[in-house]
Amino acid sequence: MQMRIGGKEVSSADERWIPVFNPATGAEIDQVPEGTLYEVDDAVNSALAAFDGWAKRTARERGMILYRAAGMVREQHLELARLLTAEQGKPLRDSVDEIRGYANILEFYAGISGAMQGDFISLGSSGDVLVKREPLGVCGAIIPWNMPAIIMGWKLAPALLAGNTMVFKPSSGAPLTCLSLASLLERSGLPEGVLNTVTGKGEVVGEGIVRHPAIRKISFTGDRITGERVRELAGSQQKEVSLELGGSDPMIVWKDADLGKAVAGAVRGRFYNAGQTCTAVKRLYVHHEIAKEFTIRLRQRVEDLKVGNGMVPGIDMGPLSGRAQLDKVISFVNTVERKGQGTIFTGGTVLSGPAYGNGFFYAPTLVTDTVPECVLLEQEVFGPVLPIVPVPDLETAIAKANSTRYGLGASVWTRDLSVAREVFSSVAAGVVWVNRHLTLPPEIPFGGVKESGMGRENGVSAYNSYTRTKSLFMSW
């Protein structure tokens, strides 16, 4: 599959290709061009050429194109979902949900397009002020492989609605769905050059986008170390920057929680997408009075999960994204065992054999008896491994929840409003759920604090972040 620049399919200048593999089988399913700085520059020039015409359209006109694209996505959702599962690995039903979620994002921004107005400020005898929002110009977006359709929607929908043009880099591990979605936008009426999708390696294409002097904003989702590099490079050129750099989300289960719902929430929150989600439940803190019963019930549910190829009906959890990700998970669990940092309560093994072929499968894993310095509690684990920690009181639970460099999401499971309010007030996170986890509809601003990043996706706040204000002061 080719990259897309200026509304056309484009190869790379040096004719090199990057293979795309199915993580459930290890088989190559396609190739994409290994882009160079030449393609980055070509994409930026296309975006610059398209900017004036796109920015002059009304927000309603831009929103209608997003709405038409959402309709086309819904018509083709099953085909797109199969492509997503083939390149990323998640079960087909979860891919269907993600594709529909992408359509939801486009529809949300299309729906608010008519309400995106400026402000009028009366200063009495001093005069009146009109404040309008203008697009920034050409924006750059760089995304990971774990939720490619959703994260693509988070970035491009508000940016395009605001009148910006974009140079977009999908992950080399899962670029195919993004390229297909970009094509659908163009078929829905998006003018040539408004969205340019460049495939390639992060150290070449990604850094080229960040460094390009004509790009006025960078929106990056990925690992913390790369994010720090993005912030350094973009900041040196006074670019606007939005960063989502992962998390180590705590889930607090209070003693009055509905245990059935909390167990189901922990299973879904941790093992959805094989644990490869920034806002996944990554640390579980359970009130000590219910910890034994909760842990037993959780183990039963975890051991019932069906792991396998996401194309197979009834599968609950697919593979890790590839060998590198599988090796990271193996290393985390080996560290726990070698250093005596916890007890493997269930799982803890690579899944192999005829049912798993050459795929990258790891058993859903629970770890108990963790020590405070356990690697699973200190670092972000992007995989199906969940440490369980009993806590004696809410103060301890909140302190442990905050004992990390991250601050993306958190949840508390309780019937007590005062407990929920205390967690919401005291836990450092960009979003706090009560009696649920993971859900992020497009209306809700989403982002992190501390080392989880800066800026917000979703909602009107994301739209505003792709604009700058311009004030007209009138004296009479």
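**Helices, voids and cysteines in a predicted model**

Colleague: What is the phi of Glu15, and what is that of Asn273?
Modeller: Most residues other than glycine have a negative phi. Glu15 has a positive phi, near 60°. Asn273, in the loop between H9 and E13, is likewise not a glycine, and its positive phi is about 60°.

Colleague: Is Asn273 buried or exposed?
Modeller: Buried means under 20% relative accessible area, exposed over 50%, and partly exposed in between (1.4 Å probe, protein chains only). The relative accessibility of Asn273 is 3%, so Asn273 counts as buried.

Colleague: How far apart are the end C-alpha atoms of helix H3?
Modeller: The expected span of a helix is 1.5 Å times one less than its number of residues. Helix H3 (residues 77-88) has 12 residues, so it should span 16 Å. The distance between its end C-alpha atoms agrees, at 16 Å.

Colleague: Which helices are among the elements that cover the buried residues of H3?
Modeller: The buried residues of H3 include Leu80, Ala81, Leu84 and Thr85. Contact means heavy atoms within 4.5 Å. The cover includes strands E3 (17-21) and E4 (28-33), together with helices H2 (59-75), H4 (92-112), H5 (148-161) and H6 (176-187).

Colleague: Which element gives the largest share of the lining of the second largest pocket?
Modeller: On a 1 Å grid over the protein atoms alone, a cavity is a set of points where a 1.4 Å probe fits but cannot get out, and a pocket is an open set with protein on both sides within 12 Å along at least five of seven lines; lining residues have an atom within 4 Å of a point. The second largest pocket is lined by 26 residues, with Met147, Ile150, Leu438, Thr439 and Leu440 nearest its centre. The elements that give two or more residues to this lining are H4 and H5. The largest share, 7 residues, comes from H4.

Colleague: What is the volume of the second largest pocket?
Modeller: Grid points are joined across faces, edges and corners, and a volume is the space filled by probe spheres set on the points. For the second largest pocket this comes to about 570 Å³.

Colleague: How much space lies in the largest cavity?
Modeller: The structure holds 1 cavity of 30 Å³ or more. Pro250, Tyr406, Gly407, Gly409 and Ala428 are closest to the centre of the largest cavity, out of 13 lining residues. The space in the largest cavity is about 40 Å³.

Colleague: How many disulfides are counted?
Modeller: A disulfide is a pair of cysteine sulfur atoms within 2.5 Å. The closest cysteine sulfur to that of Cys178 is in Cys278, 14 Å away, and is therefore too far for a bond. The count is 0 disulfides.

How values were computed. Residues numbered from 1 in each chain as written. Predicted model: local features only at pLDDT ≥ 70, side-chain atom pairs only at ≥ 80, totals over all residues. Heavy atoms only, no water. Helix = DSSP H or I, 4+ residues; strand = E, 2+ residues; numbered from the N terminus.
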